[in-house]
Amino acid sequence: MKNISLPIAVAISLLVAACSSPQSGVPVYLDPARPVEVRVQDALKRLSTEEKVALTHAQSKFSSAGVPRLGIPEVWCTDGPHGIRPEVLWDDWDQAGWTNDSCTAFPALSCLAATWDRDMGLLFGRCIGAEARYRRKDVLLGPGVNICRTPLNGRNFEYMGEDPFLASSMVVPYVKGVQENGVAACVKHFAVNNQEIRRTATNSVVADRPLYEIYLPAFRAAVVQGGAWAIMGSYNLYNGEFNCHNKHLLCDILKGEWGFDGVVISDWGGCRDDDQAITNGLDMEFGTWTNGLRGAPSDSYNNYHLARPYLERLRSGRIGTEELDDKASRILRLIFRTSMSPEKHYGSFNSPEHYQAARTIAAAGTVLLKNEGNVLPLNVPEGGKLLVVGENAVKKMVVGGGSSNLKTKYEINPLEALQEALPGVTIEWERGYVGDTSTSYNKVDTGQDLSESRSAQQLLADALSAAQGADAVIFIGGLNKSAGQDNEGTDRSSLELPYGQGELIEALAEAVPNLIVVNISGSPVSMPWAGKVKGIVQGWYGGSESGRALADVLTGAVNPSGRLPFTLPVSFDDGPLKTERQYPGIQVEGEKWWQEYYDEGVFVGYRWYATQGIPVQFPFGHGLSYTSFDYSGARLSKGTLKCSGSYTVDSPSLDEGVLTVTVNVANTGALDGNEVVQLYVQAPEGGVERPVRELRGFEKLFVEAGKSGKASITLPLQSFTRFDEASHKWVVDPGEWTILLGSSSEDIRAAQKLNIK
Ligand code: BGC
């Protein structure tokens with residue numbers, strides 16, 4: 001202090017005091033004891049405009065800059081949603097070739113949804129969050145909650161089915177579990193992004209009612225109940241504006257109505273306009289390509305919409321700093337919630353617990369669709385022979401599918417797992433058909449050799465001849481993750497099984513009276529052969545432990561309890577998408593982009609089939625067990641619901657008051673098992689057209705053999721609302737409502753009436 005005059009010294013110490021924590025002397029933004037908002041405000045005022053802008057755009061494929069001068073770290077993202085993506089090169093999709101980045105591959109989200117078990121959502125989130133944290137990732141690019149509007153959507157496997165209540169129920173614990181690890185869940189792809197065909201050039205034309213009732217609820221639940229810290233804008237357009245900077249979706253609904261305080265991240269390359277990127281609610285731009293960027297030899301990230309063009313506008317005064325401060329605050333909040341969180345998280349990677357969780361979830365999601373004559377669980381005598389037919393019995397499927405492609409430490413396929421589970425049985429395998437022989441994606445290779453020289457006829461003949469003398473025959477086929485199957489960037493062209501599997505199953509069924517079919521897919525397939533086979537199982541992309549989880553169910557080590565998260569229709573034509581304008585969209589004169597009209601409104605999935613009375617192959621919510629359950633004594637509690645007619649979209653009173661519905665469930669079989677009690681509501685007749693039933697509650701209940709349990713499902717007022725477009729409010733229609741309790745959307749076991757005045 002010798003050379004400083006007294007007043008200046010006082011001013012300096014006052015400044016230091018203002019910027020430092022009183023106890024530790026560290027700057028406020030670095031003080032973990034300070035509330036996040038205080039740290040954000042303190043950091044914000046220390047940043048230059050250039051530093052703020054640098055926060056808002058990528059510096060590599062998956063990272064954005066921090067503020068090195070201030071010790072604020074970079075933000076690292078990773079796909080998502082069912083495992084931690086291998087490290088990729090700085091500016092390339094190919095994996096970087098690290099040897100320490102093979103992760104635990106968890107099941108695809110369609111499988112998670114099929115568990116109908118919130119505890120599984122939490123377990124999944126906790127485990128994948130821990131893997132992300134261990135790998136030093138701050139943002140997990142998942143989960144995905146776009147509704148299965150068409151069974152042909154190539155990304156159905158990354159989503160949680162066709163029902164907004166089911167998807168909402170499953171996404172909330174997933175998000176919480178991830179974020180417990182100090183990792184942000186980035187819920188994607190917001191919004192009305194329900195197909196892959198022309199995903200970057202299609203405008204979804206959706207009325208407000210289906211938007212609010214079908215397509216937004218799972219996002220809202222993730223944000224409002226799950227407290228998600230990040231959300232990803234989708235590639236498509238809605239009401240003529242690209243969704244990564246869609247003012248109505250991002251500013252009015254997400255940040256306005258729902259009060260989202262997190263970060264909006266663009267899908268990779270989804271940002272398309274300099275000005276809208278600044279003003280319409282986007283916070284961080286990541287990408288693959290940007291206008292003028294293609295082929296840029298170096299420093300391409302500087303050309304991102306939120307990079308140089310943004311700085312130029314700020315410097316010239318064409319735009320003010322209000323948006324920039326908001327974006328930077330949100331990004332700082334994200335950083336203080338994750339890498340600079342006061343709670344130090346270390347995560348864990350490839351632990352036995354994670355592999356066990358992957359197996360438990362995959363088995364819990366496996367759905368027993370048909371079990372005529374109790375052909376399952378397998379009953380092959382010691383020394384007997386089991387024939388397994390089909391490519392999916394051996395094909396490793398963790399690799400492929402697009403951005404969810406993973407490199408895993410190991411993947412047990414169904415054939416290996418059956419051999420492990422049934423050591424005293426001779427298990428033979430016949431391929432039966434040739435599907436996808438590719439084994440690598442982004443330079444991750446399974447190392448399998450799937451080449452085949454036999455003709456289709458020969459493959460069939462070999463399978464039929466191997467079936468002779470077998471004690472049991474299982475066909476394991478379905479889809480895979482190659483282009484045109486369950487794959488990002490493409491949709492399927494048909495609901496039928498590809499590669500001639502339908503004919504193969506029919507031929508096998510002729511020769512094998514007790515044929516069992518396992519369909520592995522992430523989307524609905526049609527099953528015209530269903531009546532000709534005795535057993536059908538819906539399996540999923542189960543991740544590292546896929547095969548073991550399936551074998552657990554086939555052998556009876558696990559009593560199946562999965563339920564369909566979407567309808568399996570008889571044919572595509574039975575569904576609600578009747579015209580090209582509905583799917584996959586049409587070109588309209590005067591419009592630059594393809595237009596896709598959601599003319600079916602709220603009649604999506606079972607809402608369509610049930611209301612129209614169209615028979616389906618297997619209904620939404622269906623799934624059998626190796627035991628049986630009886631329902632009795634359904635009761636509606638005398639609760640109160642505060643209901644004054646209508647509610648604004650963000651009214652907290654919407655969640656006030658609950659009714660409770662209880663029902664006794666008796667396990668009448670010889671095995672312990674889980675029943676999924678499902679609650680649907682049916683609105684009074686007359687008035688606005690509504691689906692004949694809508695899922696509003698469920699409980700997965702474990703009941704020991706011979707014992708009874710009680711399911712108890714609460715119904716908040718929200719269960720009875722519909723969205724009224726004219727008033728932009730949720731309304732409750734008075735009259736006689738029916739509460740339906742059932743084991744699927746078609747298997748209703750009990751009904752209760754309820755009068756709403
Ligand atoms: C996908 C996103 C993914 C991103 C980064 C995009 O193509 O749509 O789901 O998170 O790439 O890999």
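Let's start with Q95, whose side chain makes a polar contact with the side chain of K407, at 2.7 Å. By polar contact I mean a pair of N or O atoms within 3.5 Å; within protein, one must be able to donate a hydrogen and the other to accept it, and residues adjacent in sequence count only if both atoms are side-chain atoms. Q95 sits in the loop between β2 (75–79) and α4 (109–115). Helices (H or I, at least four residues) and strands (E, at least two) are DSSP runs, numbered from the N terminus.

Quick word on the source: this is a predicted model, where local features need pLDDT of at least 70 and side-chain atom pairs count only at pLDDT 80 or more, while totals for chains, interfaces and linings use all residues. Residues are numbered from 1 along each chain as its sequence is written, and side-chain values use heavy atoms, with hydrogens and water left out.

Back to Q95: is it buried or exposed? Q95 is buried, at 15% relative accessible area. The cut-offs are under 20% for buried, over 50% for exposed, and partly exposed in between (1.4 Å probe, protein chains only). Leaving aside neighbours within four places in sequence, Q95 is in contact with P86, E87, V88, L89, K407, N442, K443 and V444. Contact here is heavy atoms within 4.5 Å.

Okay, domains. The assignment gives domain 1 (8–91 + 107–337), domain 2 (352–566) and domain 3 (627–756); those bounds come from an automatic or database domain assignment.

What's going on between domains 2 and 3? Their centres, taken over C-alpha atoms, are 35 Å apart. Five residues of domain 2 are in contact with ten residues of domain 3. The two bury about 490 Å² between them, 33% of it on carbon and sulfur atoms. In domain 2, N559, S561 and R563 lose the most area to domain 3, together 93% of what that side buries. Buried area, for the record, is the accessible area (1.4 Å probe) that two parts lose on being put together, summed over both.

The count between domain 2 and domain 3 is three residue pairs in polar contact, both residues at pLDDT 80 or more. There's also one salt bridge across that interface, by a rule that asks for a side-chain nitrogen of Lys or Arg within 4 Å of a carboxyl oxygen of Asp or Glu. R563 forms a salt bridge with E675, with the closest N and O atoms 2.8 Å apart.

How many salt bridges does the rule find overall? The count comes to 53. Let me pick a few.

D42 and K45 pair up at 3.8 Å, N to O. They're three residues apart in helix α2 (residues 36–46), so about one helical turn separates them. D42 counts as buried at 3% relative accessibility, whereas K45 counts as exposed at 61%.

Then E430 and R454, with closest N and O atoms 3.2 Å apart. E430 lies in strand β12 (residues 426–430) and R454 in the loop between β14 (444–445) and α15 (456–467), so this pair ties together parts that are 24 residues apart in sequence. E430 is buried at 16%, and R454 is partly exposed at 28%.

My last pair is R690 and E694, at 3.5 Å, N to O. Both are buried. And salt bridges with shared partners join D163, R607, R690, E694, R696, R722, D724 and D733 into one network.

S727 is in the loop between β25 (721–724) and β26 (729–732), and counts as partly exposed at 35% relative accessibility. H728 is in the loop between β25 and β26 too, and its phi is near 55°, a positive value in a residue other than glycine.

N350 also has phi near 55°; it lies in the loop between α12 (322–337) and α13 (352–365).

Two peptide bonds to finish. K188 to H189 is cis, with omega near -5°, and H189 lies in strand β4 (residues 184–190). L376 and P377 are joined by a cis bond as well, omega about 0°, with P377 in the loop between β10 (367–371) and β11 (385–389).
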